[in-house]
Amino acid sequence: MPRHLLSIADLSGEEILKILYKASDLKEELKFEPCLNYLLGKSCALIFEKPSLRTRVTFELAINQLGANAIYLTQADIGLGKREAISDIARNLSRWVNAIIARTYAHKTLLELAQYSTIPVINALSDLEHPCQALADFLTIYEKRGRLAGIKLAWVGDGNNVCHSLMLGAGLLGLTMKIATPKGYEPNKEILTKAQEYAARSNAKIIITNDPKDAVTDSEFIYTDTWISMGQEQEAETRRRIFRPFQVNRELLAYAPRTHFIMHCLPAHRGEEITDEVLDGPNSIVLEQAENRLHVQRAILYLILTGKL
């Protein structure tokens with residue numbers, strides 16, 4: 001049975017830490033050796049329904065730096081679920097490559113790929129979760145504080161896929177996470193319930209509020225994301241109006257601890273969910289998050305494809 005990574009909840013807290021520690025080791029090794037042939041002779045297919053800067057570059061580099069081959073496939077190349085059935089694509093790729101890395105619109109597409117695949121399927125983003133991003137975020141927090149348990153993390157904005165993965169990971173790792181969204185834009189209820197169950201076991205809390213000031217108060221790390229994800233363009237004007245009070249700006253951060261850090265998974269819509277002075281300011285660690293996508297994804301590939309996870 002292949003080891004898939006479709007949700008961060010596919011991992012235990014111990015396995016998340018194993019990925020983060022391995023990512024740190026590989027990050028250090030990369031300083032001295034640009035190519036580590038741990039996966040020499042292996043190949044990975046990258047299926048991208050959605051375009052990307054960070055996800056494509058970091059996954060392709062991760063694969064290449066481990067000595068493997070990356071094959072990039074767009075929707076125009078394979079017609080996922082349109083020109084050819086998802087099940088047939090999964091079964092064919094399983095005969096040729098060692099892993100499928102998929103960035104899709106619908107999470108159910110990932111589930112179907114995994115159902116028919118005899119090789120690992122890794123979620124590089126879906127409408128429900130973004131586990132690789134969350135793992136990179138936890139690595140970034142760990143690098144700043146030297147721990148994860150007991151950290152206070154605020155999320156301000158839409159209860160979206162990144163929020164879902166962070167919630168689940170926070171519950172597994174023992175972070176307290178406050179999520180501030182407008183009414184009606186809260187996270188998925190089933191994921192929230194699961195995250196709160198994990199948090200109860202790890203002595204943490206997952207808290208929902210509709211007040212961004214409440215969320216940032218006492219939070220060491222403050223995270224936001226775009227209000228309008230790909231596929232939501234028709235809602236753009238409505239969302240801009242509803243989310244305006246949730247902008248991460250100097251006024252909101254007056255309620256936060258002086259030593260806070262600002263996080264964003266990028267791309268940012270400057271002047272919408274976050275202001276330039278905050279995104280580019282001295283408290284911003286967004287580029288460290290972006291860099292850590294590379295290191296975390298190398299660790300995921302290494303551990304899964306060597307059977308060590």
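This is a predicted model: local features need pLDDT of at least 70, side-chain atom pairs count only at pLDDT 80 or more; totals for chains, interfaces and linings use all residues.
Okay, let's start at L148, which sits in the loop between α6 and β5, the strand at 152-156.

What does L148 touch, once we skip residues up to four places away in sequence? The list is L17, L20, F138, I141, Y142, L173, G174 and L175. There's also T176, 28 residues from L148 in sequence, with the two C-alpha atoms 9.6 Å apart in space.

Now, L20, F138 and Y142 turn up again when we look at helix packing, between α1 and α6. For two packed helices, the description you want is the angle between the axes and the distance between the axes. Helix α1, residues 13-30, packs on α6 at about 70°, and the axes are 10 Å apart. That makes α1 and α6 roughly perpendicular to each other, and the crossing of α1 past α6 is right-handed. Which residues meet there? From α1 we have I16, I19, L20, Y21, A23, S24 and K27, and they meet L135, F138, L139, Y142 and E143 in α6. Sorted by class, this contact of α1 with α6 has 9 nonpolar residues, 1 polar and 2 charged.

Let's stay on α6, residues 131-145, and go to its crossing with α13. How do their axes cross? They come within 8 Å and cross at roughly 110°. So α6 and α13 are also roughly perpendicular to each other, and here too α6 passes α13 in a right-handed crossing. The residues on the α6 side are C132, Q133, L135, A136, D137, L139, T140, E143 and K144. Over on α13 they meet E288, Q289, N292, R293, H295, V296, Q297 and I300. By class, the contact of α6 with α13 has 6 nonpolar, 6 polar and 5 charged residues.

Okay, sheets. What is the strand order in the open sheet of 5 strands? Reading across, it goes β7-β6-β5-β8-β9, with parallel pairing. The edges are β7, at 206-209, and β9, at 261-264; each has a single partner strand, so one side of each is left without a neighbour in the sheet. From one strand to the next, the twist averages 20°.

β8, residues 221-224, runs parallel to β9, and 4 bridges join them. I222 is the residue that stands opposite I262 in β9. In a regular strand, remember, side chains alternate between the two faces of the sheet. For β9, both faces are covered: F261 and M263 are buried on one side, and I262 and H264 are buried on the other.

On to the other open sheet. β1 and β2 run parallel, with 6 bridges joining them, and the bridge partner of F48 in β2 is T74.

S43 is in β1, residues 43-48. S43 has 14% relative accessibility, so it counts as buried. Beyond its neighbours within four places in sequence, S43 is in contact with N69, V97, N98 and A99.

One last stop, for contrast: D280, in the loop between α12 (276-279) and α13. Buried or exposed? D280 is exposed, with a relative accessible area of 51%. And from D280 to L294, which is 14 residues apart along the chain, the C-alpha separation is 21 Å.

That's my tour; over to you.

Definitions and conventions
Residues are numbered from 1 along each chain as its sequence is written. Side-chain values use heavy atoms; hydrogens and water are left out. Two strands pair if DSSP finds at least two bridges between them. Helices (H or I, at least four residues) and strands (E, at least two) are DSSP runs, numbered from the N terminus. Axes are lines fitted to C-alpha atoms, for helices over the stretch in contact, and angles run from 0 to 180 degrees between N-to-C directions. Angles under 35 degrees count as roughly parallel, over 145 as roughly antiparallel, 65 to 115 as roughly perpendicular and the rest as oblique. A crossing is left-handed if the near helix is turned anticlockwise from the far one by less than a right angle, and right-handed if clockwise. Contact means heavy atoms within 4.5 Å. Ala, Val, Leu, Ile, Met, Phe, Trp, Tyr, Cys and Pro count as nonpolar, Asp, Glu, Lys and Arg as charged, and the others, Gly among them, as polar. Buried means under 20% relative accessible area, exposed over 50%, partly exposed in between (1.4 Å probe, protein chains only).
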